[in-house]
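Hello,

Here is the structure I promised to pass on. Please open it alongside this note, and my findings follow below.

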Amino acid sequence: MSFLTGAAALLWVLGGFFFLSGTVGLLRFPDTLSRLHAVTKADNLGLGLILLGVAVHGASVVLAAKLLLIWMLALLAASFSAHLVARSHLRDEASRDG
Amino acid sequence: MTAVALGMATFLLLNLAAGLLRVYRGPSGADRIIAAQLFGTTTVAMLALLATVTAQPGLFDVALVFVLLATVLTVAFVRLPSRSQEREQ
Amino acid sequence: MAELLGWVFDALLALALLLLAARVVFSPRLFESIVLFIVFGLLMAIAWARLAAPHLALAEAAIGAGITGALLLSTFRELVIGRTPSPEAPRVLVYRWHGLMALLAGGLFAVLGWALLSIDVPTGPVAGEQAMALLARTAVDDAVTAVLLDFRAYDTLLEMGVLLLAVLGARAALGSQGPASSDDLWTDGEGDTPMVGALVGMLSPLIIIMAGYLLWAGAYGPGGAFQAGAVLAALGVLLRLTGRIVPAPRAGVVQRGVLVIGMGVFTLAGLLTLATGRAFLQYPESLAYPMILLIEVALTLSIALPLVLLFSGSAGIAAGRSQHSP
């Protein structure tokens with residue numbers, strides 16, 4: 001197994017670990033906002049590692065650029081989504097208490 | 001190498017299935033949408049892995065489309081009025 | 001080892017799809033059904049990828065995960081607000097004649113299965129193989145696009161007609177309903193958050209570029225008019241959700257033009273080929289690629305706008321507020 005494929009496999013396993021931790025956080029954390037935090041942070045890091053592994057395995061600059069674009073957009077989408085969901089949740093809490 | 005990629009894809013699929021538990025439990029709509037975020041990110045990762053397994057570069061474009069449209073769903077969700085979780089039964 | 005893992009993955013995927021479908025139908029909570037339906041769409045895209053159908057995966061991503069999900073959530077919103085009478089808890093409908101229906105459905109299934117099994121395995125060249133052999137003579141390199149725009153162009157033309165009919169039918173069903181009231185966004189009264197403006201500003205050009213790329217890439221890979229149109233429609237949905245586009249009771253001339261331009265350009269191309277002595281839509285060799293590209297551009301627009309209109313539930317769309325305003 002060449003160095004590149006070994007590195008790719010390692011990156012994939014590492015990414016999978018972060019995906020797992022995101023899911024564990026989603027299932028085990030006590031309230032909505034902490035679950036949001038777990039999913040947003042861990043999953044996108046896991047995605048970055050997996051995409052990095054795919055880029056390393058593919059060994060092509062064009063592919064790496066495309067995957068980098070995908071990851072950047074994923075971070076963008078995740079940030080916006082987290083902000084919107086958290087705001088909506090806080091608004092719901094306020095309307096229920098107030 | 002394809003074995004490793006497929007193994008990872010299977011692992012991610014199981015991960016996704018585990019996340020479904022949160023959709024079942026809730027308790028609020030926000031929790032379910034957060035789970036949907038997990039599903040979306042997992043799907044993008046699975047597509048990237050499958051693209052290497054089956055040598056289909058078109059799947060990267062599918063992943064791009066997914067990522068671009070991921071926010072549309074969240075925007076649709078946050079338009080729900082604040083009493084939504086009390087009405088949903 | 002890889003093949004075994006492939007089987008395991010596919011089996012898990014199939015099982016997940018079945019269980020999700022069952023839960024979507026039987027869940028007591030409507031919102032949960034909606035979220036699970038969206039997940040179902042995500043897994044369907046993966047299934048298409050596994051079946052080596054990236055065109056379908058693209059379409060599923062744009063429509064299933066983007067547009068349909070937003071459509072269902074918006075409908076759920078209408079139910080919750082109470083503008084439409086909210087249904088009691090959804091339950092599975094049981095027909096009175098369910099026994100007879102099951103028998104008939106089973107009979108139909110048996111007949112179809114028998115018909116399928118009694119088809120002889122062809123020994124001569126199959127249509128698919130013949131098409132692949134002729135692929136080199138078409139102007140495009142991608143098999144699916146060649147079939148849609150060249151071998152079976154007439155079918156695609158008629159499908160555009162179907163889409164147009166759907167929009168006209170929806171318009172007729174709407175009757176004289178005016179646009180939704182202006183309070184249909186951010187009902188908590190807080191108004192827009194600046195993040196949404198930034199989101200729309202950043203995503204809109206990216207999505208347009210993506211749609212253009214998909215349109216162009218359809219000639220040699222997954223993509224094409226339908227996928228590009230669906231992605232543009234998803235952008236339209238985003239703009240509608242954030243108030244940049246609002247429903248309008250009438251469609252202006254430009255919008256009506258966009259609705260028919262797909263069919264129009266396609267038919268015109270066919271008539272031109274007829275006029276020069278060829279069969280309908282038999283492209284001249286030298287002009288085939290530019291003609292196909294031009295037709296696809298028109299098709300993209302004529303696919304995007306109807307989808308947006310079906311989402312906004314109106315005859316036309318108009319520009320809404322363009323910036324954060326109190």
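Let me start with the contact between chains A and B, to which chain B gives 38 residues and chain A gives 38 residues. Two residues are in contact here if their C-beta atoms, placed from the backbone, lie within 7 Å. On the side of chain B that touches chain A, the elements giving two or more residues are helix 1 (2–25), helix 2 (29–54) and helix 3 (58–78) of chain B. Helices (H or I, at least four residues) and strands (E, at least two) are DSSP runs, numbered from the N terminus. Helix 2 of chain B brings the largest share of that side, 14 residues. By class, the side of chain B that touches chain A holds 24 nonpolar, 11 polar and three charged residues. For these classes, Ala, Val, Leu, Ile, Met, Phe, Trp, Tyr, Cys and Pro count as nonpolar, Asp, Glu, Lys and Arg as charged, and the others, Gly among them, as polar.

A word on how to read all this: it is a predicted model, in which local features need pLDDT of at least 70, side-chain atom pairs count only at pLDDT 80 or more, and totals for chains, interfaces and linings use all residues. Residues are numbered from 1 along each chain as its sequence is written, while chains are lettered from A and ligands numbered from 1 in the order in which they are written. The model scores ipTM 0.89 and pTM 0.84.

Chain B also meets chain C, with 44 residues of chain B in contact with 55 residues of chain C. Helix 1, helix 2, helix 3 and helix 4 (84–87) of chain B each supply at least two residues of that side of chain B, and helix 3 of chain B gives the most, with 15 residues. The side of chain B that touches chain C has 26 nonpolar, 13 polar and five charged residues.

Now to chain C itself. Chain C has 11 helices and two strands, and 36% of its 326 residues count as buried. Buried means that 20 or more other C-beta atoms lie within 10 Å of the residue's own C-beta, placed from the backbone. The average pLDDT of chain C (the predictor's confidence in each residue, from 0 to 100) is 82, and 88% of the residues score at least 70. Please take care with residues 186–190 of chain C, where pLDDT stays under 50. Where pLDDT is low, the predicted coordinates should not be read in detail.

Helix 2 (residues 30–50) and helix 3 (residues 54–81) of chain C have axes that come within 8 Å and cross at roughly 175°. The two helices are therefore roughly antiparallel, a label for angles over 145 degrees. Their contact has 18 nonpolar, four polar and one charged residues.

Which helix of chain C holds C:Ala228? That residue sits in helix 9 (residues 225–241) of chain C. All of this helix is enclosed: 17 of the 17 residues of helix 9 of chain C are buried, so it is largely enclosed by the rest of the structure. C:Ala228 counts as buried because it has 29 C-beta neighbours inside 10 Å. Leaving aside neighbours within four places in sequence, C:Ala228 is in contact with C:Ala211, C:Leu214, C:Leu215, C:Gly223 and C:Thr300. Just after helix 9 of chain C, C:Gly243 takes a positive phi of about 85°.

Best wishes

Conventions: A residue is buried if 20 or more other C-beta atoms lie within 10 Å of its own, exposed if 12 or fewer, and partly exposed in between; C-beta atoms are placed from the backbone. Axes are lines fitted to C-alpha atoms, for helices over the stretch in contact, and angles run from 0 to 180 degrees between N-to-C directions. Angles under 35 degrees count as roughly parallel, over 145 as roughly antiparallel, 65 to 115 as roughly perpendicular and the rest as oblique.
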